[in-house]
Amino acid sequence: MSRVESIRQSTREFSERRLRPVARAIDERNSVPEDVLREVAEMGYFSLRVPEEYGGPGLSVLESTIAIEELARVSSAIAIMATVSGSMVPYPIAKYGTEEQKERYLGILAKGGIGAFALTEPCCGSDASAITTRGTIEGDEIVIEGTKTYITNAPYADFFLVAVRTGREEDRHKGISLVILDKSPCIKISKLDMMGYRGSGTSELRLEGCRTSLSNVIGEVNGGFKKIMMTLNEGRVTTAATGLGIMQAAFEEAFEYSKQRTSMGVPIIEHQMVQHLIAEMNVLLETSRLIVYEAARRLDAEDPEAPRYASIAKLFTASRGVDLVRMAMQVLGGFGYSRDSVVERLYRDIKMIEIGDGTNEIQRLVIVKSLLGKIRPS
Ligand SMILES: Cc1cc2nc3c(=O)[nH]c(=O)nc-3n(C[C@H](O)[C@H](O)[C@H](O)COP(=O)(O)OP(=O)(O)OC[C@H]3O[C@@H](n4cnc5c(N)ncnc54)[C@H](O)[C@@H]3O)c2cc1C
């Protein structure tokens, strides 16, 4: 069995055994039980991309994508937590961090810790170059003041990667730094009551005079923006992977139901219009899978076209995923619309893929900028 297939198989086994029994409660209670968090961390899902030399599983983007897809097939909340802590947090530290940052923070993840990535603010999500959270340099420290919002993992996190404005506002993207901030009482966390991905800890953070060492800047001061954009490329593929897992789950639910539910004397799968829905869903699922894996392979190969493929994968999976889950609900009829059905949760969860890590509109912008040669990885 290939390494990729063994990751798929072991993650499916773990998800069925450990996450299936608690997935509904995670959504209803909007939190993950501590013992589950610990086991997910011990399995390495919160440190997927931490290289082996720092104690992590050292998975490639494609391998992480497959692990996240399998987690999302059972619990979207755990999958998005793994996307952030296992991919978006270790990526910039491993790629651009100092040896000291790698030893300390990749080490925390490898030992079962959790990381969060704090970019979005109440003022601005799509326009990341307009952020206002201030990072003031005082001696060998940066003092951080501001508010971040919709931050995944926040209540569970041991440390945060925070985008701060260290330069002038008029310098836009050229005045932004990416800094590491340890969990501290200066970070006031308010959990938000979101429609989906419930339990993943989506929160607002008020940063009140938080201090971090200048040695915790990733790369150079005012040089964070490009690093953040590169991180989002990987985030787009792994977020698309959570969409894939949701699509797979919705397809399985609808297909099984269509074989059991009878109407007019036959299982509904015998009705040609239901067959049409099932076939259409299968096409959307398999084409999304192809494009997400292709984008992951291109990121692994450091292909210059990888950012465009990451946006294509995210955009396609998001919009087709919403279509697929709507069709699944249609196959389930009234039951699909009831809180007793899994598809009701999937319907709420899939919508986030059209918003998080850059909305559908922003992916279209990236695709065109990339076609015009205005985006190049570094
Ligand atoms: C469940 C969840 C988890 C999240 N987790 C995180 C996280 O861990 N860390 C983090 O930093 N953020 C996180 N986010 C935030 C997410 O990345 C932002 O919500 C997203 O980038 C959109 O920003 P916004 O909400 O400010 O919308 P806005 O930027 O205000 O956009 C509003 C609308 O305007 C459109 N729009 C804006 N600008 C343009 C343009 N130039 N051209 C065309 N249309 C445009 C958008 O597409 C959208 O339709 C999360 C969000 C959710 C819902």
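From which domains does the shell around the ligand draw at least three residues each?

1. The model is predicted: local features need pLDDT of at least 70, side-chain atom pairs count only at pLDDT 80 or more, and totals for chains, interfaces and linings use all residues. Residues are numbered from 1 along each chain as its sequence is written.

2. The protein chain is assigned domain 1 (3-110), domain 2 (115-222) and domain 3 (226-371), with bounds from an automatic or database domain assignment. Domain 2 and domain 3 each supply at least three residues to the shell around the ligand.

3. The ligand is surrounded by 23 residues, the closest being L119, G125, S126, T359 and E361; a residue is near a molecule if its C-beta atom, placed from the backbone, lies within 6 Å of it. Two or more residues come from each of β1 (115-118), β3 (141-151) and α12 (360-371), where helices (H or I, at least four residues) and strands (E, at least two) are DSSP runs numbered from the N terminus. The largest share, three residues, belongs to α12.

4. The C-alpha centres of domain 1 and domain 2 lie 22 Å apart. Their contact takes 23 residues from domain 1 and 19 residues from domain 2, two residues being in contact if their C-beta atoms, placed from the backbone, lie within 7 Å. On the domain 1 side, α5 gives the most, with seven residues.
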